[in-house]
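Here is a short briefing on how side chains meet in one protein model. Look over the sequence and the structure first, then read the points below.

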Amino acid sequence: MQGKVEICGVNTAKLKVLKNDEMMELLRRTKEGDQAAREKLIEGNLRLVLSVIQRFDRRGENADDLFQVGCIGLIKAIDNFNVDLDVKFSTYGVPMIIGEIRRYLRDNSSVRVSRSMRDTAYKVLQAKEAFMAEHQREPTMEEIAKMLELRREDVVMALEAITDPVSLFEPVYSESGDAVCVMDQVKDVKNTDENWLDKIALKDAVDKLPEREKRILALRFFQGKTQMEVSTEVGISQAQVSRLEKSALEQIRRGM
């Protein structure tokens, strides 16, 4: 069949999509213990799982594995969703699915985090899931810290320690074929390779100056003193300061 893509034996071209009214009815029946309704909910939200795992398709992970892990997150979301709150299921389900996939990627990552830091991170994630199950929204860092009696800094550090690494060449935006990568967003336009090399050359040229010339340049250009003030501090005339300053600058130009 044209356009047919199978993941874990599921034909993604035939995935069902539930209407909101149908979704809420099935959620209510599931809360009452209706296993058939629960199965229909899972089948009706597999497209949601598929849309989430597409965010991780550049990780080099097996799509079948990610799909199965995403389904675990979906099932957790279904079992914990509060039908009494005015929240769309997808608003609650997507973060749960993403969280399950990220947990899987962390556990299988080659980047190792200390046991104590990982334990703290898991406690944070459990507290986050418990908060979301009760309030149907993501907690703030302050709320998590209060729940676990930790400092906000410890919560942030724990979450950052288990954050998945991202390639600098990961595209974050694309329009008309011109992709914008992570590198384009985080690159330092000030401290470029060219500026870095210029700074090295400048340092080498200054290091070759006599100590008196170094001191004069430091007083003039780093402390902002006038030639008269420099002459008083160094103990020479203003004319000598002017001559030595020009000579030092000329030596630096030649050295670079």
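Phe81, Phe89 and Tyr92 are linked into a cluster by ring pairs. Rings of Phe, Tyr and Trp (its six-membered ring) pair if their centres lie within 6.5 Å; planes under 30 degrees apart count as stacked, over 60 as edge-to-face and the rest as tilted. This is a predicted model, in which local features need pLDDT of at least 70 and side-chain atom pairs count only at pLDDT 80 or more, while totals for chains, interfaces and linings use all residues. Residues are numbered from 1 along each chain as its sequence is written, and side-chain values use heavy atoms, with hydrogens and water left out.

**Aromatic rings**

- The structure holds 2 aromatic pairs.
- Phenylalanine 81 and phenylalanine 89 form an edge-to-face pair, with 5.5 Å centre to centre and 75° between the planes.
- Phenylalanine 81 is buried at a relative accessible area of 1%, and phenylalanine 89 is buried at 3%. Here buried means under 20% relative accessible area, exposed over 50%, and partly exposed in between (1.4 Å probe, protein chains only).
- Phenylalanine 81 and tyrosine 92 have ring centres 5.8 Å apart and planes at 50°, so this pair is tilted.
- Phenylalanine 81 lies in the loop between helix 4 (63-80) and helix 5, and tyrosine 92 lies in helix 5, so the pair ties together parts that are 11 residues apart in sequence. Helices (H or I, at least four residues) are DSSP runs, numbered from the N terminus.
- Tyrosine 92 is buried, as is phenylalanine 81.

**A charge over a ring**

- Arginine 220 lies over the face of phenylalanine 221, at 5.6 Å from the ring centre.
- A charge sits over a ring if NZ of Lys or CZ of Arg is within 6 Å of the ring centre and within 35 degrees of the ring normal.

**Nonpolar cores**

- The largest nonpolar core has 34 residues. Such a core is a set of buried Ala, Val, Leu, Ile, Met, Phe, Trp, Tyr and Cys residues joined through side-chain atoms within 4.5 Å.
- Leu27, Leu74, Phe89 and Ile101 have the most contacts inside this core.
- Helix 1 (20-31), helix 2 (35-44), helix 3 (46-53), helix 4 and helix 5 each give two or more residues to this core.
- Helix 5 supplies the largest share, 8 residues.
- Which residues does phenylalanine 89 touch, leaving aside its neighbours within four places in sequence? Its contacts (heavy atoms within 4.5 Å) are Met23, Leu27, Asn45, Leu48, Leu74, Ala77, Ile78 and Phe81.
- A second, separate core has 6 residues, including Ile216, Val230, Val241 and Leu244.

**Salt bridges**

- The whole structure has 16 salt bridges. Each is a side-chain nitrogen of Lys or Arg within 4 Å of a carboxyl oxygen of Asp or Glu.
- Arginine 103 bridges to glutamate 129, with the closest N and O atoms 2.9 Å apart. Arginine 103 is in helix 5 (residues 89-107) and glutamate 129 in helix 6 (residues 115-135), so the link spans distant parts of the chain, 26 residues apart.
- Arginine 103 is buried at 16%, whereas glutamate 129 is partly exposed at 23%.
- Glutamate 143 bridges to arginine 137, with the closest N and O atoms 2.9 Å apart. Both are partly exposed: glutamate 143 at 25% and arginine 137 at 39%.
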